[in-house]
Each structure stands twice: as structure tokens, then as C-alpha cells.
Amino acid sequence: MNVIYPLAVPKGRRLCCEVCEAPAQRVCGACTVTYYCSVVHQRADWRSIHEKICQLLIPLRISMPFYNSEEERQHGLQQLQRRQKHLIEFCYTVAQKYLFEGKHEDAVPAALHSLRFRKNVHGLSSVELVPAYLLLAEASLGLGRIVQAEEYLSQAQWTVLKSTECSYATHSLLHRNLGLLCMAKENSEEARYHLANDIYFSSCAFGTEDIRTSGGYFHLANIFYGLNKLDVADTLYTKVSEIWNKYLNNHYQVLSQARIQQIDLLGKQFETDTGLDEAQEAEAIRILTSILNIRESTSDKAPQKTVFILKTLVMLYHLMMNPSKAQEYAMKAFSLAQERQLSVHEQNAIQELLSLISAEAARSIT
């Protein structure tokens with residue numbers, strides 16, 4: 001981190017903090033195109049996203065070179081836009097992952113970068129800005145900054161109202177975040193209204209059984225659980241568990257079949273369009289472990305439901321190539337199945353899964 005020397009700054013460059021937009025006092029010594037008001041904000045940005053994109057910012061923030069022809073100039077502009085679109089998605093995914101991991105402070109700089117690039121590419125009033133506003137609103141809620149969250153959600157709502165081309169997916173995200181805001185304000189009736197709309201729009205976009213719809217069911221279940229309406233909550237938690245189990249089991253079966261055919265898919269199963277990115281992996285872990293905690297508190301009444309969610313977590317970590325964590329949950333499932341005397345078929349299925357995971361864990365060590 002270096003102090004800014006005014007004579008070294010290119011003419012016309014705006015010197016404001018990357019995090020809060022206050023007048024900048026310092027510049028990143030690595031890329032020399034990113035400015036901060038303080039060491040505190042520089043460290044926050046570096047920890048969140050800047051370390052990952054530092055060098056990628058240089059071609060976006062230096063003056064465009066002189067081109068010999070209009071064709072070269074257009075090609076240069078297209079390259080610039082492609083780079084910005086890549087950073088939009090990358091910063092968005094990183095911010096999402098932080099949110100699902102509960103790292104709300106770290107999510108803010110990454111979400112701000114995504115918003116900034118969206119404005120550059122799509123303009124100040126485009127509906128493409130909405131996902132970034134919603135990330136910032138969710139991060140603000142996680143930090144207890146309800147007024148700031150309301151401001152971001154108001155911007156998102158106003159942008160959606162002005163747009164004639166807003167997708168079902170965007171409507172779903174907007175209602176989900178409005179539902180979370182109402183939950184934070186302990187307005188359960190309004191929260192249920194928005195989460196019901198979230199599920200409706202998400203179902204229109206992806207289907208009722210899609211993992212992207214499961215988040216709405218999950219948050220709605222949390223509301224009913226908090227209201228002590230345990231039967232309704234249980235039904236919704238079961239729905240979420242079944243959606244994730246079906247999705248992960250499909251991938252698990254494909255991977256198992258590939259092994260039988262001696263096809264090496266290691267490192268490739270999440271590169272396809274139907275796979276999970278890092279943010280979705282973090283979301284799956286958060287949702288499934290939350291449901292597991294609830295199931296374990298009532299496992300005396302319904303041990304098979306606890307075993308079911310444990311098996312789902314086994315498949316998740318197995319597909320994420322984390323054999324030690326998969327083995328941990330498989331052993332828990334097997335012990336509970338034996339202790340509660342579940343069917344022999346269930347115990348054998350878990351034992352088979354545990355044997356496979358244990359063998360892979362041993363191979364990973366050697």
C-alpha cells in the first residue's frame with residue numbers, strides 16, 4: 001500500500017475509495033489503479049476480493065491505447081466488455097459464497113465490485129444491477145444494518161418496477177430478500193407473503209423441484225419453526241431435503257457409473273452447466289447442516305429423517321471431493337441407523353456407502 005503522489009496520477013482519474021467512495025489517500029502498490037481512504041478499507045477489500053482480481057483490473061482502468069483503425073478500436077472495446085462481464089460474475093459468485101458462509105463483512109467489497117462493473121456494462125438503470133443490490137442488502141442484514149438493507153432493497157425494487165424485461169429469477173431473488181428483511185424486522189406475516197412469491201417466481205423460472213427454488217422453502221420453514229408450527233416446518237424441511245438429495249444422488253450415480261466404466265471425471269463434475277459453483281456448494285452446506293441440527297434435536301421421534309439428511313451430506317461432500325467430511329457423516333448415519341434399529345436394507349445401504357468413502361479417504365492419504 002502506497003501513499004498517493006498527485007503528479008503520478010493520470011489526468012482525469014477519479015480518486016475515491018474502492019469501498020466507501022470517500023476521497024482516497026492511498027493506492028494499491030500492486031496494480032496502482034485501485035484507491036482507498038485508509039489502510040482499514042484496503043485490507044478489507046484485499047481480504048474480500050482484491051487479492052483475486054488485482055491484476056485483472058489493470059487493463060480495465062488504464063487509458064485505452066491508440067488504435068489505427070475503427071475495426072481495431074471496436075475489437076478493443078469488445079475485449080474490455082468481455083473482461084468486465086467475467087468480473088461481474090466472478091465477484092458475484094465470491095460475494096454469494098461469503099454470504100452462505102456467514103461472512104457478511106467480506107461479502108460487501110466483492111458485491112460492490114459486481115455492482116460497479118454492472119453499471120459500467122449495462123448502465124445505471126438496468127435490471128442487471130438488481131442481483132448486486134440484493135447481495136448488498138443481504139450482507140447489510142447479516143451485519144444488522146437494517147436501514148442500509150432497506151435502501152439497497154428500495155433501489156432494487158425501483159429498478160424492477162421501471163423494467164419491462166425483468167426475469168422470473170430476478171423477481172424471485174427480490175422477494176426472497178424482502179422476506180429476509182421482514183424476518184429481521186420480526187414481521188412474519190409479511191415475510192411469508194414475500195417468500196411465497198419467491199417460491200412462485202422461482203418455480204416459474206426453474207421448476208418446483210429445483211435446488212434454486214429450495215431456498216424459498218427453507219426460509220419459509222424457518223419462519224414456521226420460529227412460530228412453533230412444527231408440523232408445517234417439518235414438511236417444508238423434508239421438501240428441501242428431498243430436492244437436494246435427488247439432485248446430489250443424480251450426480252453421485254453419474255460419477256459411480258463413470259468409475260465403473262473407468263472414466264476419470266475427477267475435477268470435471270462441477271464444470272458442467274448442471275453442476276454446482278462455489279456459492280451453491282456453500283448454500284448447500286448451510287441449508288443441509290441447518291436442517292441436520294433441527295433433525296438431530298428430534299431424532300428420537302424420527303431417526304430416519306436424520307439419517308436421510310446425513311446421507312445427503314455424505315453425497316455432497318463426496319462430490320466436493322472432501323472424503324474426510326463425507327466419512328464423518330457416513331459414520332454418524334451408520335451409528336444412528338444401528339442404534340435406532342432401522343431396516344437391514346437401510347443399514348446395508350449406508351455401510352456400502354461408508355465402505356466406498358473410507359476406501360477413497362485411504363487412497364487420498366496415500
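**Overall make-up**

I counted 14 helices and three strands in the protein. I took helices (H or I, at least four residues) and strands (E, at least two) as DSSP runs, numbered from the N terminus. This is a predicted model, so I kept local features only at pLDDT of at least 70 and side-chain atom pairs only at pLDDT 80 or more, while totals for chains, interfaces and linings use all residues. My residue numbers run from 1 along each chain as its sequence is written, and side-chain values use heavy atoms, with hydrogens and water left out.

I looked up burial next: 46% of the 366 residues count as buried. Here buried means under 20% relative accessible area, exposed over 50% and partly exposed in between (1.4 Å probe, protein chains only).

I checked the UniProt record, an unreviewed entry, which annotates residues 17–54 as "domain: MYND-type". Its positions are given in the numbering used here, feature names are shortened, and annotations may be inferred rather than shown by experiment. Over residues 17–54 I find 39% helix and 11% strand, with the end C-alpha atoms 15 Å apart.

Cys17 sits in the loop between strand S1 (2–3) and strand S2 (26–27). I list Cys17 as buried, because its relative accessible area is 1%. Leaving aside neighbours within four places in sequence, Cys17 contacts Ala22, Ala24, Tyr35, Tyr36, Cys37 and His41. I also took the C-alpha separation of Cys17 and Thr34: 8.0 Å, for residues 17 apart along the chain.

I searched for disulfides (cysteine sulfur atoms within 2.5 Å) and found zero in the structure. Cys37 is therefore in none; its nearest cysteine sulfur, that of Cys20, is 3.7 Å away. Cys37 is partly exposed, at 23% relative accessible area.

**Two helices and what follows them**

I compared helix spans with the expected value, 1.5 Å times one less than the number of residues. Helix H3 (residues 70–100) has 31 residues and should span 45 Å; its end C-alpha atoms are 45 Å apart, so the two agree. Just after H3, Gly102 takes a positive phi of about 80°.

Helix H4 (residues 104–122) has 19 residues and reaches 26 Å from its first C-alpha to its last, close to the expected 27 Å. Gly123 follows H4, and its phi is positive, near 100°.

Most residues other than glycine have a negative phi. I noted two exceptions.

Thr32 has a positive phi of about 60° although it is not a glycine. Thr32 lies in the loop between S2 and strand S3 (35–36), and I list it as partly exposed, at 45% relative accessible area.

Met321 also has a positive phi of about 60° without being a glycine. I place Met321 in the loop between helix H12 (303–319) and helix H13 (323–339). Met321 is partly exposed, with a relative accessible area of 41%.

Ser214 is in helix H9 (residues 211–226). I count Ser214 as buried because its relative accessibility is 0%. Not counting residues up to four places away in sequence, Ser214 touches Val240, Ile243, Trp244 and Ile287.

I paired rings of Phe, Tyr and Trp (its six-membered ring) with centres within 6.5 Å, calling planes under 30 degrees apart stacked, over 60 edge-to-face and the rest tilted. My search of the whole structure gave six aromatic pairs. In one of them, Trp244 and Tyr247 have ring centres 6.2 Å apart and planes at 80°, so I call the pair edge-to-face. Trp244 and Tyr247 are three residues apart in helix H10 (residues 230–260), so about one helical turn separates them. Both are buried.

I also noted one aromatic cluster formed by Tyr168, Tyr200 and Phe201.

How values were computed: Contact = heavy atoms within 4.5 Å.
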